[in-house]
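Student: Hi, I'm new to this one. Could you walk me through the model while I ask questions?

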Amino acid sequence: MFRYIPVIAFFGFICWIIVSADSGQQIIFMKMMAGVPYGDKLGHVFLYGVLTWLLNSALNYKVIKLREKSILLGAVIVFSFAVLEEITQLYFPQRTFDLIDLTADIIGITLFSWVPYIFYRRKQLQTESVYLP
């Protein structure tokens, strides 16, 4: 159960950023990213990517089948949240629905799923080969 603490903490951090943006507040993180070229998009890649990495790790890289394809469960959960969060922006006058933001979320989810999963599988295969007779 302790492995979910970083996931919950980081999810809370993201929710704080979302609520601040929905209410029109400019918190320090938004101000910092505003000064960086494509900072908003990089923020989406990083925030959703790290959340995906933490959740996949906590779930021990559990894979589910969707239409005959194996997909990491954590990636599916974070993607669903990202789509829902982007859609809710339609209901806030100070926010805008943006497919480019959603694309940045998908890039982060994909990158932060794929790279750690490769290392996880390598480690798993090395451990298995140690126990082979």
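This is a predicted model: local features need pLDDT of at least 70, side-chain atom pairs count only at pLDDT 80 or more; totals for chains, interfaces and linings use all residues.

Student: By class, how many nonpolar, polar and charged residues does the lining of the largest pocket have?
Tutor: That lining has 14 nonpolar, 9 polar and 6 charged residues. For the classes, Ala, Val, Leu, Ile, Met, Phe, Trp, Tyr, Cys and Pro count as nonpolar, Asp, Glu, Lys and Arg as charged, and the others, Gly among them, as polar. Residues are numbered from 1 along each chain as its sequence is written, and side-chain values use heavy atoms, with hydrogens and water left out.

Student: OK, and what counts as a pocket here?
Tutor: On a 1 Å grid over the protein atoms alone, a pocket is an open set of points where a 1.4 Å probe fits, with protein on both sides within 12 Å along at least five of seven lines. Lining residues have an atom within 4 Å of a point.

Student: What volume does the largest pocket have?
Tutor: About 690 Å³. A volume here is the space filled by probe spheres set on the grid points, which are joined across faces, edges and corners.

Student: Which residues lie nearest the centre of the largest pocket?
Tutor: Ile17, Ala21, Met30, Asp40 and His44, out of 29 lining residues.

Student: And which helix gives the most to that lining?
Tutor: α3 does, with 8 residues. The helices α1 (5–22), α2 (28–34) and α3 (39–58) each supply at least two.

Student: Let me zoom out. How many helices and strands does the protein have?
Tutor: There are 5 helices and 2 strands, in the order α-α-α-β-β-α-α from the N terminus on. These are DSSP runs numbered from the N terminus: helices are H or I with at least four residues, strands are E with at least two. The C-alpha trace spans about 65 × 30 × 30 Å along its principal axes.

Student: What about the second largest pocket, what volume does that one have?
Tutor: About 260 Å³. It has 14 lining residues, and the closest to its centre are Ile71, Leu72, Ala75, Val76 and Ile109. The strand β2 (69–72) and the helices α4 and α5 each supply at least two lining residues, with α5 giving the most, 6 residues.

Student: New topic, salt bridges. Which residues are linked in a network?
Tutor: Asp40, Lys41, Asp98 and Asp101. A salt bridge here is a side-chain nitrogen of Lys or Arg within 4 Å of a carboxyl oxygen of Asp or Glu, and by this rule the count comes to 5.

Student: How far apart are the closest N and O atoms of Lys41 and Asp101?
Tutor: They are 2.5 Å apart. Lys41 lies in helix α3 and Asp101 in helix α5, so this pair ties together parts that are 60 residues apart in sequence. Lys41 also meets Asp40 at 3.0 Å, N to O, and Asp98 at 3.1 Å.

Student: Is Asp101 buried or exposed?
Tutor: Asp101 is buried, at 7% relative accessibility. Buried means under 20% relative accessible area, exposed over 50%, and partly exposed in between (1.4 Å probe, protein chains only). By that rule Lys41 is partly exposed at 23%, and so is Asp40 at 41%.

Student: What share of the protein do buried residues make up?
Tutor: 34% of the 133 residues.
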